[in-house]
Amino acid sequence: MSNLVQEKVKQASAILEELGIDAWLTFARETSAGGDPVLPLIYGNNSLTWQSALIITRRKAIAVVGRFEAHTAQSTGAYDEVIPYDQSIRPALREALTALDPQKIAINTSTSDVMADGLTHGMYQVLLDMLQDTPFAGRLISAEKVIRTLRGRKTPSELARIRTAIRTTEQIYREAFDTIQPGMSELEIAAFMHGRMTELGVDVAWSYEICPAVNAGPNSPVGHAAPGPIVLERGHILHMDFGVKQDSYCADIQRVAYYLAPGESQPPAEVQRGFAAEVDAIHAVVAALKPGLSGHEADAIARQTITRAGYPEFMYATGHQMGRLAHDGGGVLAPAWERYGDA
């Protein structure tokens, strides 16, 4: 099995040490029907059927799972102890926590980060019932900081996979721009890119119907909308949003091009001015990025660059992290708006 799970579980232990948290408990069931977003990081692509508890501490990792999933848990190579059960997880879970006696137990609840909010309300109620009459029910805290840090800090193996996905995405973009001509519809452009993905054996980084998003000209609905029958014409701006998932990791890259109208030798001045403002904003943020800079501070740099150039404020974030998902959680380069919480 991939050593990625081992890397992330080991990393999680170090994060707990850094944050002063004794234990992190991921409590799950029937994950094939709707799993916790963090499970691929700490358990791989394996399913958990019965109620299961993955307990990571500063020193060791324990998996309390149904007997028929004990072998899979052991096969991850990430858990120092695998405790199987048959009739009920309650006694095994309570005994494991009693032996550890953690003073702070992080569980996967969050009001602002969907990637850290994988514990369902029903499972939270089950957990509280199982911990009834123990001191542990009063020691539960949010695992938001743990999960945000774990998702945000990519291991060398993760970075290598992301870079591979980026290279493949850029390759398909190059081939697409070599192929795209005025007269092609958005659907035809998307079909070409989907075909290359199939030939290269890679998947989409988000929903197939809108990956790529293709916007040809001023009448196309910009945003998370599927390509349509609109035809690319000369004098049109073409915008695309696209990324592949390769070896479980994603890329997410947007590209903009202008197709010269008859008689033009270069794009119109207003197109060049808009393009230059965007490039300036991107370069300004990249130059400013450093450890300790908050996401809203980075976003403000881009936002101010755009508005100072005479354009209205854009109504979305400047940037986000990538990883196993195109929007991989952790943190975003975003304004301090309510919809972004404290991310």
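Biologist: What volume does the second largest pocket have?

Modeller: In this predicted model, the second largest pocket has a volume of about 280 Å³.

Biologist: Which residues are the closest to its centre?

Modeller: The lining consists of 16 residues, and D36, P37, L39, P40 and N45 are the closest to the centre of the pocket.

Biologist: How does the lining divide into nonpolar, polar and charged residues?

Modeller: The lining of the second largest pocket has 5 nonpolar, 7 polar and 4 charged residues.

Biologist: Let us step back to the chain. How many helices and strands are there?

Modeller: The protein chain contains 10 helices and 14 strands. Its C-alpha trace spans about 80 × 45 × 35 Å along the principal axes. Of its 343 residues, 45% count as buried.

Biologist: Take helix α4. Which of its residues are buried?

Modeller: Helix α4 covers residues 90-100, and its buried residues are A92, L93, A96 and L97. Viewed down the axis of α4, these buried residues fall within an arc of 125°, so they line one face of the helix.

Biologist: Why would residues three or four places apart point the same way?

Modeller: An α-helix has 3.6 residues a turn, so residues at that spacing point the same way.

Biologist: And which exposed residues does the face turned away from the buried side of α4 carry?

Modeller: That face carries the exposed residues E95, T98 and A99.

Biologist: Where is D101, and what is its phi?

Modeller: D101 is in the loop between α4 and β5 (105-107). Its phi is near 50°, a positive value in a residue other than glycine. Most residues other than glycine have a negative phi. At 40% relative accessibility, D101 counts as partly exposed. D247, in the loop between β10 (244-246) and β11, also is not a glycine and has a positive phi of about 55°.

Biologist: What about β11: which residue lies in that strand?

Modeller: Y249 lies in β11, which comprises residues 249-250. With 0% relative accessibility, Y249 counts as buried. Y249 and R324 are 75 residues apart in sequence, while their C-alpha atoms are 4.4 Å apart in space.

Biologist: Is the peptide bond from C211 to P212 cis or trans?

Modeller: The bond from C211 to P212 is cis, and its omega is near 15°. P212 lies in the loop between β7 (203-204) and β8 (213-216).

Biologist: Now the aromatic rings. How many aromatic pairs are there?

Modeller: The count comes to 7 aromatic pairs. One of them is W50 with Y85: the ring centres are 5.9 Å apart and the planes are at 55°, so the pair is tilted.

Biologist: Which parts of the chain does that pair tie together?

Modeller: W50 is in the loop between α2 (39-43) and β2 (52-57), whereas Y85 is in strand β4 (residues 81-85), so the pair ties together parts that are 35 residues apart in sequence. Ring pairs also link W50, F68 and Y85 into a cluster.

Biologist: One last topic. Which charged ends sit over rings?

Modeller: Among them, the charged end of R255 sits over the ring of Y173, 5.7 Å from the ring centre. The charged end of R303 sits over the ring of F314, 4.1 Å from the centre of that ring.

Key
Residues are numbered from 1 along each chain as its sequence is written. This is a predicted model: local features need pLDDT of at least 70, side-chain atom pairs count only at pLDDT 80 or more; totals for chains, interfaces and linings use all residues. Side-chain values use heavy atoms; hydrogens and water are left out. Rings of Phe, Tyr and Trp (its six-membered ring) pair if their centres lie within 6.5 Å; planes under 30 degrees apart count as stacked, over 60 as edge-to-face and the rest as tilted. Helices (H or I, at least four residues) and strands (E, at least two) are DSSP runs, numbered from the N terminus. A charge sits over a ring if NZ of Lys or CZ of Arg is within 6 Å of the ring centre and within 35 degrees of the ring normal. On a 1 Å grid over the protein atoms alone, a cavity is a set of points where a 1.4 Å probe fits but cannot get out, and a pocket is an open set with protein on both sides within 12 Å along at least five of seven lines; lining residues have an atom within 4 Å of a point. Grid points are joined across faces, edges and corners, and a volume is the space filled by probe spheres set on the points. Ala, Val, Leu, Ile, Met, Phe, Trp, Tyr, Cys and Pro count as nonpolar, Asp, Glu, Lys and Arg as charged, and the others, Gly among them, as polar. Buried means under 20% relative accessible area, exposed over 50%, partly exposed in between (1.4 Å probe, protein chains only). The arc is that of the directions from the helix axis to the C-beta atoms.
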